[in-house]
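Please read the following report with the sequence and the model side by side.

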Amino acid sequence: MSRLGLIAALRPELAAVLDRMPDERRQVIAGREYWSGHWHGHELVAVLSRIGKVAAATTATALIERFAVDQVVFTGVAGGLAPGVAVGDVVVASELLQHDLDVSPLFPRYEVPLIGLSRFSADATLSQALASACRSALVSPLETLGREATVEFNLHTPRVHQGLIVSGDRFVATSAESRVLRDALPDALAVEMEGAAVAQVCHDYGVPFAALRTISDRADDAAHVDFQRFIDQVASRYSAAVLEAYFSSLA
Ligand code: ADE
């Protein structure tokens with residue numbers, strides 16, 4: 001049986017998941033709390049990485065080395081970059097890239113030196129299964145979240161996008177900065193701060209990886225508004241609903 005490692009950056013992003021793990025056992029490694037347990041009979045190790053690429057890479061490394069997970073999923077929130085990627089939508093990564101990595105002129109911009117890759121592919125099978133779980137679990141925000149959050153965040157049935165997610169050690173909170181990113185990487189759907197780092201660790205270890213992000217903002221001048229409340233009220237519950245659907249689909 002496979003053992004899934006589930007990473008989120010912030011505690012509220014995992015709160016709804018931990019509520020559903022009846023038998024979790026907590027272990028602290030390098031300051032991170034790892035919860036091992038079962039969900040629908042499947043082995044799961046859930047952990048909070050904290051924010052940023054180094055924090056995420058450290059966490060992913062321990063998850064693989066110490067807990068022998070054989071696949072890794074990152075869940076949380078991201079800022080929408082591409083037109084049509086709206087607040088409340090979900091993006092499942094097909095590829096991930098570090099937008100702040102630049103060792104030019106020694107290596108092409110974005111390329112991870114000595115690996116020869118700038119884009120890390122997400123595992124296609126795992127990503128398709130998560131995208132299907134999103135489509136079946138998130139049909140009605142009203143059902144998943146209740147009226148208050150649906151009205152407050154003006155949510156519609158989430159669209160599920162699949163494509164490039166870019167990561168960097170910056171919270172993108174100005175329209176000018178997101179325009180620069182869009183111009184440099186026109187196919188980027190969303191921006192966050194951890195995914196591509198975990199993708200690189202998983203690539204090095206040969207462990208299948210997928211990332212699933214709820215869009216909390218448009219990476220513009222209003223990006224910080226209601227950020228925490230959106231995670232609590234929307235993203236955390238979306239993650240739990242999608243994983244619930246994913247694990248039930250495995251039977
Ligand atoms: N995560 C959620 N929104 C983000 C943004 N605007 N920039 C970086 N990471 C994010």
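## A residue in a loop, and the ligand site

N154 is exposed, because its relative accessible area is 64% and exposed means over 50%, whereas buried means under 20% and partly exposed lies in between (1.4 Å probe, protein chains only). This residue lies in the loop between α5 (147-152) and β8 (160-167), where helices (H or I, at least four residues) and strands (E, at least two) are DSSP runs numbered from the N terminus. The phi angle of N154 is near 55°, a positive value in a residue other than glycine.

The model is a predicted one, in which local features need pLDDT of at least 70 and side-chain atom pairs count only at pLDDT 80 or more, while totals for chains, interfaces and linings use all residues. Residues are numbered from 1 along each chain as its sequence is written, and side-chain values use heavy atoms, with hydrogens and water left out.

**The ligand and its surroundings**

Which residues are the closest to the ligand? Of the 13 residues that surround the ligand, the closest are G79, F171, V172, E192 and D217, a residue being counted as near if one of its heavy atoms lies within 4 Å of the molecule.

The elements that give two or more residues to the shell around the ligand are β5 (71-80), β9 (188-192) and β10 (209-217), and the largest share, three residues, comes from β5.

By type, the residues of this shell divide into eight nonpolar, two polar and three charged, where Ala, Val, Leu, Ile, Met, Phe, Trp, Tyr, Cys and Pro count as nonpolar, Asp, Glu, Lys and Arg as charged, and the others, Gly among them, as polar.

**Backbone details**

Most residues other than glycine have a negative phi, and most peptide bonds are trans. Against this background, A68 has a positive phi of about 50° although it is not a glycine, and A68 lies in the loop between α2 (53-67) and β5. A cis peptide bond, with omega of about 5°, joins S104 and P105, and P105 is found in the loop between β6 (90-98) and β7 (120-121).

**Positions in helices and a strand**

F247 and R3 are 244 residues apart in sequence, and their C-alpha atoms are 12 Å apart in space.

A124, by contrast, lies in helix α3 (residues 124-137) and counts as exposed, because its relative accessibility is 52%. The C-alpha atoms of A124 and A173, which are 49 residues apart along the chain, are separated by 31 Å.

A176 has its place in helix α6 (residues 175-184), and at 43% relative accessibility A176 counts as partly exposed. A176 and D220 are 44 residues apart in sequence and 7.7 Å apart in space, C-alpha to C-alpha. Q27 lies in strand β2 (residues 25-29) and counts as partly exposed, at 27% relative accessibility.
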